[in-house]
Amino acid sequence: MTGAVSQLAMPAVAIATAADGAQSYSLTFQVLILMTLLSLLPAILLVMTAFTRIIIVLSILRQALGMATTPSNQVLTGLALFMTFFVMGSTLDQSYAAGIKPYLDGQLAGEIAIDRTLQPLKKFMLAQTRESDLQLFTKLSGKGPFATRDDVPLSVVIPTFITSELKTAFQIGFMIFIPFLVIDLVVASVLMSMGMMMLSPMLVSLPFKIMLFVLVDGWTLLLGSLAASFHR
């Protein structure tokens, strides 16, 4: 009886190859792959989406306003997360339609489904990268030159994308910082001319910076500009 049960039991990890070369995995192995992907999800969110640029710009804005903890990290992270879903909505829909849905319907093998799922993300990342950054990492990888951008592997695209996003985020942050810096300088000069050197200029300029940001409808302007910066 025990021998019969052991013969009928499926192995925990099994990979079957069909006649056409496609591979199928046992349920246990699929669950293992899914859990691995879930553990890597935060890293994927950071390095392959719009999240990096958005959270850096929001953090620089908070520093420019002079408020170290307002809005809180949870608020900024939540705002950046949902802005990321908004910006990448069409890209995520394409990934789901091209790879995930056919795989769940049993129409695609695992490797093909992963490749088709990543293609829209790769296209999005390449659209945000600078040519100089792409040439640099292509040279460092020793795998190029590539005939077209579509031939660039993800191992080159991802570091190129992160570098370009950091540069773009700091450029946007610089433009945000300038008007608030001017207010700080004006307030500091006025206080010094009045002999009020013991009074913190940051404390006096804070309400003026908040008032300026509110009057120009800063949140709408900033978030709208951030979302538009990804559409090229």
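Buried means under 20% relative accessible area. The model is a predicted one.

**Exercise 1. Helix 5**

Find which residues of helix 5 are buried, and where helix 5 bends.

Step 1. Apply the cut-off of under 20%. Gly-89, Thr-91, Ser-95, Gly-99 and Pro-102 of helix 5 are buried.

Step 2. Follow the axis. Helix 5 covers residues 89-104, and its bend of about 40° falls at Tyr-96.

Step 3. Go just past the end of helix 5. There Gly-106 has a positive phi of about 80°.

**Exercise 2. The largest nonpolar core**

Identify the members that touch the most other members of the largest nonpolar core, and the helix that gives the most to this core.

Step 1. The core has 36 residues. Those touching the most other members are Ala-50, Ile-54, Leu-58, Leu-61, Phe-124, Phe-180 and Leu-222.

Step 2. Assign the elements. Helices 3 (51-65), 4 (73-87), 6 (110-128), 8 (154-193) and 10 (218-228) each give two or more residues. Helix 3 gives the most, with 10 residues.

Step 3. Take Ala-50. Leaving out residues up to four places away in sequence, Ala-50 touches Thr-84, Val-87, Met-88, Phe-124 and Phe-230.

**Exercise 3. The second largest pocket**

Describe the space in the second largest pocket and its lining by class.

Step 1. The second largest pocket holds about 250 Å³ of space.

Step 2. It is lined by 14 residues, with Ile-176, Phe-213, Gly-218, Leu-221 and Leu-222 the closest to its centre.

Step 3. At least two lining residues come from each of helix 8, helix 9 (201-215) and helix 10.

Step 4. Sort the lining by class: 12 nonpolar, 2 polar and no charged residues.

Conventions: Residues numbered from 1 in each chain as written. Predicted model: local features only at pLDDT ≥ 70, side-chain atom pairs only at ≥ 80, totals over all residues. Heavy atoms only, no water. Core = buried A, V, L, I, M, F, W, Y, C linked by side-chain atoms within 4.5 Å. Buried < 20%, exposed > 50% of the residue type's maximum accessible area, 1.4 Å probe, protein only. Helix = DSSP H or I, 4+ residues; strand = E, 2+ residues; numbered from the N terminus. Contact = heavy atoms within 4.5 Å. Bend = angle between axes of the 7 residues up to and from the residue. 1 Å grid on protein atoms, 1.4 Å probe; cavity = no way out; pocket = protein on both sides within 12 Å on 5 of 7 lines; lining within 4 Å. Points joined across faces, edges and corners; volume = space filled by probe spheres on them. Nonpolar A, V, L, I, M, F, W, Y, C, P; charged D, E, K, R; others polar.
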